[in-house]
Amino acid sequence: MLVISTALRSSATKSAARGLAVSRNYADFASEATFETKKCDCFLLETLPPTTAVLTREQGLSYYKTMQTIRRMELKADQLYKQKIIRGFCHLYDGQEACCVGIEAALKHEDHLITSYRDHAFTFTRGVPVKHVLAELTGRRSGCAKGKGGSMHMYTRNFYGGNGIVGAQIPLGAGVAWACKYNGTGGVCVAMHGDGAANQGQIFETYNMAALWKLPCIFICENNRYGMGTSVERAAASTDYYKRGEFIPGLRLDGMDVLCVREATKFAAEYCRAGKGPILLELQTYRFHGHSMSDPGVSYRTREEIQEVKRTSDPISLLKEKMVNSNLASVEELKDIDVAVRKEIEEAAQFATTDAEPPMEDIANHIYYKEPPFEVRGCHPWIKYKSVC
Amino acid sequence: MAALRSLLSVGKNAVPVLLRREFHGTAPATLQVTVRDSLNRALDEELERDEKVFLLGEEVAQFDGAYKVSRGLWKKYGDRRVIDTPISEMGFAGIAVGAAMAGLRPICEFMTFNFAMQAIDQIINSAAKTYYMSGGMVPVPIVFRGPNGAAAGVAAQHSQCFAAWYGHCPGLKVVSPWSSEDARGLLKAAVRDENPVIVLENELLYGVAFELSEEAQSKDFVVPLGKAKIERQGNRITLVSHSRMVGICLEAATVLAKEGIECEVINLRSIRPLDIAAIEQSVMKTNHLVTVEGGWPMFGVGAEICAQIMEGSAFNYLDSPVVRVTGTDIPMPYARIFEENTQPQVKDIIVSVKKTLNLKT
């Protein structure tokens, strides 16, 4: 919430500054509009999320800016990876922005979230500024994990990564939900996984325990149709991922519509907070990039399919269309946001590529927490590092 | 004064033995306590001390623990603090790690560490590495505990020693108690430690009684992690061991003492951090070293000790190469005659000591 409100505040000031230049001012815009959302497929549920959603101008601008920031950040990461400034694994989220932004819009300050290695966007929406995400990708000292984690291991308050082992984040997320229940905070934990991970055994173990103990956990499957290079039809005996919980209620919805995602997540959070136990959401979405930067993404799917989705279901375009058509914002205003975001990303990238590498003195730190200083062996017996924190 | 102190140290959770002693007036300060009871009492005290501590695992609650280590705890603390899990090691270990990341202090029991292999990804990749990967943002204060190593007649899939596997990994702490004092002190230290700690207990030791000093009975008694203990002073040769094998070393030392060979027996207590300084100090005195463990020889605890001794200052004090006494390099067989010859016995230690000292065996 902090990120969205910050983004909102900054976009409001910029718009005000341009108020003199553009031909329209605030008074010309609607303050809110109501939109219809596609009905969710449901499983073991008697009530459903509403099929209408109210979007205020404020919210719309905020969601738009956040999604655009994520989009440009991921495209910048693509660029930096091709320049070999980012190394190793780099799994990009462009195309799926509505999932992350819609989920965050529905959560409260005391809620938690955990996801997989496709985590840059969530790291941002959970509160880490773009420059610290990019600096982590470029392995610099100002990276959000001090350069020690890289693409797949980013963390912040109430955000537990960033997890490299497919599916492992699901039991972890249920554990965080356990802590919410144990402490009586009223918080929920959102535990994300993909269509590939949905076939992991530990997820079923977790579903059993979460349902048994009524953990306040929202399990969300981001079904982007491909687990690496394997389509859902080739990996799953049943592609109804929202039913995988068997005894856990589920919803399947359009993950390209930020309002649909928001309303379903709100519904799910209320369900959990009421002590009814876990719930499973399947968001139907799509990634524009391949599985990672080493995958062009066209050997197992057609370019036509990618183009088609980009043309008809780009979540940012969908929101833009909604906002312009209902007079929540003007095309120029949104273009201004685009320009501002590009500038922000450029600056962040500049920072991430010029910041210093982490100091060698830090290499052996963060092994143990609250431990008196000790020595760590290097590559041979005459190299000794100090671990001080 | 001693009586007063012992009366004061008796809390409301004292084992029945202590209460009985009060009736007889001035009681001796030390007690005979089994490893099982000392673990039980340690769990009880830590659950009482810190509300964030909780215990989960298979059969820990209503069954009182598969080996009765958690006897009485569910009755006392209830469902919120002592939790029976389904047979889902990977799942419940992951849940425990997630709870630790969110600030609780779980004690995750594996019925034996053999079953922890199913959960080893959560132990290593989620628990051990996260503090480092997050650049210090997410500590994981969790304890994984349970019986490790050989038992009796349970064959290959239920008898493996995991000290070397876990000891290999940075980010973990690994302890391996022998006596009741070790069990109690190391478990309490493990629960209070801010990092993931593996507590490798031993099923055959659960029923063995050891003397527990007055000091060790106190509620805040902890054994520091990473520090070995010299169980027996000697000057002729150093024996280093952990867990049940410490007892076998002491038996061997008693036999050798009759022949005038005084062994110094070191109880490692911790596998990681390894107290190599204590071993070096002893070797500089005795000039001979034999390591004794229940695990397999290759890439084991003894192998690591050999390597570190060779690289360190004590090498120049060795009068002969270090020798390892280990489990036989086979999956644990069932037949008694085979099983007996798969774990080090007193005679194996004696032969190794004499060969190291170049004496007739």
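Helices (H or I, at least four residues) and strands (E, at least two) are DSSP runs, numbered from the N terminus. The model is predicted: local features need pLDDT of at least 70 and side-chain atom pairs count only at pLDDT 80 or more, while totals for chains, interfaces and linings use all residues. Residues are numbered from 1 along each chain as its sequence is written, chains are lettered from A and ligands numbered from 1 in the order in which they are written, and side-chain values use heavy atoms, with hydrogens and water left out.

**View 1. Cis peptide bond at Pro273(B).** The loop between strand S12 (270-272) and helix H11 (276-286) of chain B holds Pro273(B). The peptide bond that joins Arg272(B) to Pro273(B) is cis, with omega near 0°.

**View 2. Positive phi at Glu246(A).** Glu246(A) lies in the loop between helix H8 (232-235) and strand S9 (250-254) of chain A. Its phi is positive, about 55°, although Glu246(A) is not a glycine. Most residues other than glycine have a negative phi, and most peptide bonds are trans.

**View 3. Helices H2 and H3 of chain A.** The axes of H2(A) (residues 57-82) and H3(A) (residues 97-106) come within 10 Å and cross at roughly 135°. Axes are lines fitted to C-alpha atoms, for helices over the stretch in contact, and angles run from 0 to 180 degrees between N-to-C directions. H2(A) and H3(A) are therefore oblique to each other (angles under 35 degrees count as roughly parallel, over 145 as roughly antiparallel, 65 to 115 as roughly perpendicular and the rest as oblique). Their crossing is right-handed (the near helix is turned clockwise from the far one by less than a right angle; anticlockwise is left-handed). In H2(A), Tyr63(A), Thr66(A), Met67(A), Ile70(A) and Arg71(A) meet Glu97(A), Ala98(A), Cys100(A), Val101(A) and Ala105(A) of H3(A), contact meaning heavy atoms within 4.5 Å. Seven residues of this contact are nonpolar, one is polar and two are charged (Ala, Val, Leu, Ile, Met, Phe, Trp, Tyr, Cys and Pro count as nonpolar, Asp, Glu, Lys and Arg as charged, and the others, Gly among them, as polar).

**View 4. Helices H3 and H9 of chain A.** The axes of H3(A) and H9(A) (residues 258-273) come within 7 Å, crossing at roughly 40°. The two helices are therefore oblique to each other, and the crossing is right-handed. Residues of H3(A) in the contact include Ala98(A), Val101(A) and Ala105(A), and those of H9(A) include Val261(A) and Thr265(A). By class, the contact has eight nonpolar, two polar and two charged residues.

**View 5. Helices H5 and H12 of chain A.** H5(A) (residues 130-137) and H12(A) (residues 331-354) have axes that come within 8 Å and cross at roughly 40°. That makes H5(A) oblique to H12(A). The crossing is right-handed. From H5(A), Val130(A), Lys131(A), Leu134(A) and Ala135(A) take part, and from H12(A), Ile345(A), Ala348(A), Ala349(A), Phe351(A) and Ala352(A). Eight of the contact residues are nonpolar, none is polar and one is charged.

**View 6. Interface of chain B with chain A.** In the interface, 45 residues of chain B contact 38 residues of chain A. The buried area is about 3600 Å², with 66% from carbon and sulfur atoms (accessible area, 1.4 Å probe, that two parts lose on being put together, summed over both). Ile95(B), Tyr132(B) and Met133(B) supply 19% of the area that chain B buries against chain A, more than any other three residues. Two salt bridges are counted between the chains (a side-chain nitrogen of Lys or Arg within 4 Å of a carboxyl oxygen of Asp or Glu). Glu311(B) forms a salt bridge with Arg377(A), with the closest N and O atoms 2.4 Å apart.
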